[in-house]
Amino acid sequence: MAIPALQHFLDIQSLTDEQFWGLLRLARELKDERIRLGQNAPILAGKSLAMVFQKPSLRTRVSFEMGMQHLGGHAFYISPQEVGLGTRESVPDVARVLSGYADGIMARVFDHEHILQLAEWGSVPVINGLSDFSHPCQALADLFTIWEELGQLAGLTLVYVGDGSNNVATSLVMAAAKVGLTMRVVAPPGYQPDPAVLAHSGTDVTVTDDLDGVVGADILYTDVWTSMGQESEREERLRIFPPYQVNGALVDRTRNPDVKVMHCLPAHRGEEITDDVADGPHSLLFPQAHNRLHAQKAILAHLLGGIPLK
């Protein structure tokens with residue numbers, strides 16, 4: 001039975017398990033093709049992607065731009081000052097204008113409602129490059145990396161340490177449920193996942209402030225303690241989060257000599273993660289970052305190129 005096609009890529013929870021796995025398989029197919037032949041087939045020739053940014057970016061911008069190029073298409077960057085999304089111009093107006101110029105829209109925004117409005121008012125596929133609620137592109141690349149490195153997803157245990165209420169943690173909780181990955185969140189009180197997110201995840205997620213929650217982890221995952229837009233909270237967060245630093249002692253505490261460490265980057269080295277771990281033998285930080293390209297290509301190939309999910 002064919003996997004239903006996606007209209008947009010807005011968040012993980014809106015995908016079926018089969019659609020999520022279909023994107024993982026397509027990412028692997030496109031990566032293998034690039035390695036084997038040195039190039040991808042130009043399946044997006046003549047296609048264009050409008051990239052709307054409210055927040056700065058390295059991996060999101062470059063992976064989408066190069067992904068479009070590898071697949072024969074073209075991406076163009078639109079800075080915050082050029083649009084003023086929701087201020088200078090309304091989101092519905094931006095959606096309708098860009099739909100007449102481009103074959104797809106990727107947006108990296110503060111307010112998740114802006115992503116939803118772009119999809120509602122536009123007539124082309126919309127991709128969530130990041131919002132305050134979720135970071136689905138990151139989660140797709142992360143699980144692709146785990147699958148590639150460890151050869152499986154079901155039955156593994158991913159432990160997220162740090163700010164469990166942020167967009168990356170939310171997307172990982174949702175993604176884990178799609179593939180049978182056991183998920184734990186080790187976070188201080190007040191910074192744990194929204195109960196509504198847990199309720200909609202479709203699986204049991206262990207949430208604790210006890211650092212022994214890392215015991216038995218196959219993957220140890222962290223992110224910055226203070227995300228963009230939270231600068232006013234930085235001093236308070238720096239007071240609360242130091243016990244949750246991913247350092248050599250915490251890696252040892254997993255009692256797994258083969259545990260892998262992940263971070264979505266950018267990292268505040270010396271805060272949520274130490275150099276010896278980020279650059280050490282357990283680290284998957286850079287394969288993880290590089291796989292953003294292949295995960296993005298899968299999304300683009302499906303949404304803009306009509307490549308079916310299998």
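1. In this predicted model, strand β1, which covers residues 48–53, and strand β3, which covers residues 104–108, run in the parallel sense and are joined over five bridges. Within this pair of strands, Ala50 has Ile105 of β3 standing opposite.

2. The two strands belong to an open sheet of four strands, whose order is β2-β1-β3-β4 and whose pairing is parallel. The edges are formed by β2 (74–78) and β4 (126–130), each of which pairs on one side only. On average, and with direction ignored, neighbouring strands of this sheet are turned by 20° against each other.

3. Helix α2, made of residues 59–70, packs on the sheet and touches β1, β2, β3 and β4, while its direction makes about 175° with that of β1. Helix α4, made of residues 91–99, lies across β1, β2 and β3, and runs at about 140° to β3.

4. Which residues is Ile127 in contact with, leaving aside its neighbours within four places in sequence? The contacts of Ile127 include Ile105, Met106 and Ala107, together with Phe9, Phe64 and Ile115. Also in contact with Ile127 are Cys137, Ile299, Leu300 and Leu303.

Conventions:
Residues are numbered from 1 along each chain as its sequence is written. This is a predicted model: local features need pLDDT of at least 70, side-chain atom pairs count only at pLDDT 80 or more; totals for chains, interfaces and linings use all residues. Side-chain values use heavy atoms; hydrogens and water are left out. Two strands pair if DSSP finds at least two bridges between them. Axes are lines fitted to C-alpha atoms, for helices over the stretch in contact, and angles run from 0 to 180 degrees between N-to-C directions. Contact means heavy atoms within 4.5 Å.
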